[in-house]
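Please consider the structure shown below. The briefing that follows presents selected features by topic.

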Amino acid sequence: MTPTEAGSAVRPSVPLSRNRDYNVLWISRLVSELGSELALIGFPLLILATTRSAVEIGLVATTMAVALLLGSVPAGYLADRFDRKVVMVVCEALRAVAMASVAVALYFDAYSLPHILVVAAIDGLLVSVFGPAEDAALPSVVAPEQLSQAVARNTARPYLASLAGPLASGVLFTVDHMLPFALNAAMLVLSCIALLTLRLPKGASPAVEDEQETGEPVGLRWVWQHRPIRTTLIWVALVQLVFSALVVIILAVSGEDQVGPGEIGVMMACFGAGGLIGAALAARLHDALPASVIIIGFSWLAAVLIFVMAFTPGGVLLGVVLGVVAMFMPVTVTTVMTYQMSVTADELRGRLSGLVGLFTGAAGALGPVAGGALASGDGTTGLMACAAAAAVIAVGATLSPTLRRFPAPGRQAA
């Protein structure tokens, strides 16, 4: 079998709401992402309550980000070489142990920065391993014609996690410092229990092909040599770079305009709400519009709306514009991911997901740095710079023959 043949077993088509295994996957990943949000807010709150060191906060955040980035590519190999269910269960179990150790340490009033750094590194690494295993398993638990719908529903999870996680972490922390970490550990244990009931078809068992035996490139080489996948990887990374910088600049602009903390919270909620609305519409728009229209259209829409943000007063109105941009992001993610999963053989999907994680992770790490540098002067100038960068991406997407003639799932590009 060649890598261009999707190698997952075909499942009978039943509504996703009644698809037990899909729901197990969806809930377990949501729990995983909620746990990440709890830790993302819980660690800074803990440091502020103990040492008040900005350096320690930055060190913990950097440790987690580096672990996520470094684990992405090896994680793809693990997802393709080992039983994906086992990989996911082990990841959640080890994360639960790590977070429980923080809760126990706080219960005995034994805060230690080295301990927190080790837990942050373990958590980041295991999150990076869990993701490719879940992504690669998805096409084997849904019918092929439901893949875009499943991907669209999956795009809602990060927005749900970003809305609920920080709020829950803040409330629990005010009651007791150990509670966010204890809840995180308990949720991960429940995720493990749910994943133990997951049924992956035998046809989805990972296999490793040898390039010398098949005569064709496999693994990361095949993923990179596939022109539409390579092009969309670069496009997604550039978009992620611009948007991660944009959020930092918007926060800086809000500070310049003396927007209150409550109103800033509403602005970020608009971003999450826009993403959730977009996720609800993503599958229908994906089916109704050509992929090239979605990708290139979003590129130009983002450039125009970021330009509009430069002249929009900070506060709720700016948050509404940001929410409109966020609304179209799940649509493009659904289009790109559905194609990538559809044309990639089952035994290579983990490596595909790992490579996507590497590109987006690197962009997500560099974006805030770039945004901070651009916002250090005039916030409006920073927004104009973001708009210019988005316009360059839009021009590149428009001129790209691959994106203009983006193939439908199941077809190969010329």
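Predicted model: local features only at pLDDT ≥ 70, side-chain atom pairs only at ≥ 80, totals over all residues.

**Aromatic rings**

At 60% relative accessibility, Phe 108 counts as exposed, because the term applies to residues over 50%.

- Tyr 159 is buried, and its relative accessible area is 10%.
- The count of aromatic pairs in the model comes to 8.
- Tyr 107 and Phe 108 form an edge-to-face pair, with 5.1 Å from centre to centre and 90 degrees between the planes.
- Tyr 107 is exposed, with a relative accessible area of 59%.
- Trp 235, Phe 243 and Phe 298 are linked into a cluster by ring pairs.
- In general terms, a pair of aromatic rings is described by the distance of the centres and the angle of the planes.

**Cysteines**

- A disulfide is a covalent bond between the sulfur atoms of two cysteines.
- How many disulfides does the count come to? The count comes to 0 disulfides.
- Cys 192 counts as buried, at 9% relative accessibility.
- Cys 386 is buried as well, and its relative accessible area is 4%.

**The largest nonpolar core**

- The largest nonpolar core has 45 residues.
- The residues with the most contacts inside this core are Trp 235, Phe 243, Leu 246, Ile 250, Met 309 and Leu 383.
- Two or more residues of this core come from each of helix 9 (219-225), helix 10, helix 12, helix 13 (316-343), helix 14 (349-375) and helix 15.
- Helix 10 provides the largest share of this core, 11 residues.

**The largest cavity**

- The model has 1 cavity of 30 Å³ or more.
- The volume of the largest cavity is about 50 Å³.
- Which residues line the largest cavity? The lining consists of Val 239, Val 242, Phe 243, Phe 298, Ser 299, Ala 302, Ala 303, Ala 390, Ile 393 and Ala 394.
- At least two residues of this lining come from each of helix 10 (227-256), helix 12 (291-309) and helix 15 (379-399).
- Helix 12 supplies the largest share of the lining, 4 residues.
- By residue type, the lining of the largest cavity divides into 9 nonpolar, 1 polar and no charged.
- Phe 243 is among the residues that line the largest cavity, and Phe 243 is also one of those with the most contacts inside the largest nonpolar core.
- Phe 243 and Phe 298 both line the largest cavity, and the two belong to the ring cluster that includes Trp 235.

- Helix 5 (residues 147-154) is mostly covered, with 6 of its 8 residues buried.
- The buried residues of helix 5 are Leu 147, Ser 148, Ala 150, Val 151, Ala 152 and Asn 154.
- Ala 96 lies in helix 3 (residues 84-107).
- The relative accessible area of Ala 96 is 7%, and this residue is buried.
- Ala 96 and Asp 123 are 27 residues apart along the chain, and their C-alpha atoms are separated by 9.1 Å.

**Positive phi values in loops**

- Most residues other than glycine have a negative phi, and most peptide bonds are trans.
- Arg 52 has a phi near 55 degrees, a positive value in a residue other than glycine.
- Where is Arg 52 found? Arg 52 is in the loop between helix 1 (20-50) and helix 2 (54-81).
- At 68% relative accessibility, Arg 52 is classed as exposed.
- Asp 109 also has a positive phi, near 55 degrees, and is a residue other than glycine.
- The loop between helix 3 and helix 4 (113-137) contains Asp 109.
- Is Asp 109 buried or exposed? Asp 109 is exposed, with a relative accessible area of 71%.

Definitions and conventions: Residues numbered from 1 in each chain as written. Heavy atoms only, no water. Disulfide = S-S within 2.5 Å. Buried < 20%, exposed > 50% of the residue type's maximum accessible area, 1.4 Å probe, protein only. Phe/Tyr/Trp six-rings, centres within 6.5 Å; stacked < 30°, edge-to-face > 60°. 1 Å grid on protein atoms, 1.4 Å probe; cavity = no way out; pocket = protein on both sides within 12 Å on 5 of 7 lines; lining within 4 Å. Points joined across faces, edges and corners; volume = space filled by probe spheres on them. Nonpolar A, V, L, I, M, F, W, Y, C, P; charged D, E, K, R; others polar. Core = buried A, V, L, I, M, F, W, Y, C linked by side-chain atoms within 4.5 Å.
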